[in-house]
Amino acid sequence: MKSKMNQLFKDQKSVHVLYSYNEMENYIIQVLNFIQDGIAAGDYIILIENDRIYPIIHKELSTRLTKDQMEFIHFVNNFDFYCSSGSYHPPAIEEYFNKTVQPYVDNKISFRSWAHVEWATMEEPLHIIEDFERTVDEAVNLLSFPLICAYKGDRMPDYLKTILLETHPYVLKDDDIIISEQYLPSSLK
């Protein structure tokens, strides 16, 4: 997984990946690998994660990374990120995201991002998640950075899975990155 993902990130910076997970243990391993590989490649990491899982990740990373390397990680609380306006509101999320990445873009600092996408109810964002993921896909291409969007698999109805496969050109599966055959670039939509 590591070498294939790193090679992909090196070959083309603009990589938008869907990661559907079920086991928390596997999820943590993937996040840790993503962060360590990113820092080894000289990238800063924007980690959009919840405040229950982040301490677990942080604790494990502090045993694997130096204090200086830990400085490369920028933690963003995913509840604040996705619900900064009080609910799941794509324009507010986009604004929050742009504000978060702008310093990296302005200073031409290489970064990658991991976003743990969560919400309280499955009903709320389904009708707007496609627009949001398309906007994110465009941002990845425009700003040229790798992004993994992690969703809890058993909380995704088939309708959402289809939307996510259509809006992510790559899928992380079983420690391998595959091309999503259902991906529809915004330009073709």
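Ile-39 lies in helix α2, where helices are DSSP runs of H or I with at least four residues and strands are runs of E with at least two, both numbered from the N terminus. The model is a predicted one, in which local features need pLDDT of at least 70 and side-chain atom pairs count only at pLDDT 80 or more, while totals for chains, interfaces and linings use all residues. Residues are numbered from 1 along each chain as its sequence is written, and side-chain values use heavy atoms, with hydrogens and water left out.

With a relative accessibility of 8%, Ile-39 counts as buried (under 20% relative accessible area; over 50% is exposed and in between is partly exposed, with a 1.4 Å probe and protein chains only). Leaving aside residues up to four places away in sequence, Ile-39 touches Ile-45, Leu-65, Gln-69, Phe-72 and Ile-73, contact meaning heavy atoms within 4.5 Å.

Helix α2 (residues 24-40) meets helix α3 (residues 54-64) at an angle of about 45°, and their axes are 11 Å apart; axes are lines fitted to C-alpha atoms, for helices over the stretch in contact, and angles run from 0 to 180 degrees between N-to-C directions. This makes α2 oblique to α3, since angles under 35 degrees count as roughly parallel, over 145 as roughly antiparallel, 65 to 115 as roughly perpendicular and the rest as oblique. On the α2 side, Ile-28, Val-31, Leu-32, Ile-35 and Gln-36 take part, and they meet Ile-56, Ile-57, Glu-60, Leu-61 and Arg-64 of α3.

Turning to the strands, an open sheet of seven has the order β3-β2-β4-β5-β1-β6-β7, with mixed pairing; two strands pair if DSSP finds at least two bridges between them. Strands β3 (73-77) and β7 (176-179) stand at the edges with a single partner strand each, so one side of each lacks a neighbour in the sheet. From one strand to the next, the twist averages 20°. Strands β1 (residues 15-21) and β5 (residues 146-152) run parallel and are joined by seven bridges, with Val-17 opposite Ile-148 of β5.

Over the protein chain, there are eight helices and seven strands. Of its 189 residues, 49% count as buried. Among contacts with a separation of 6 or more, 77% come from residues 24 or more positions apart.
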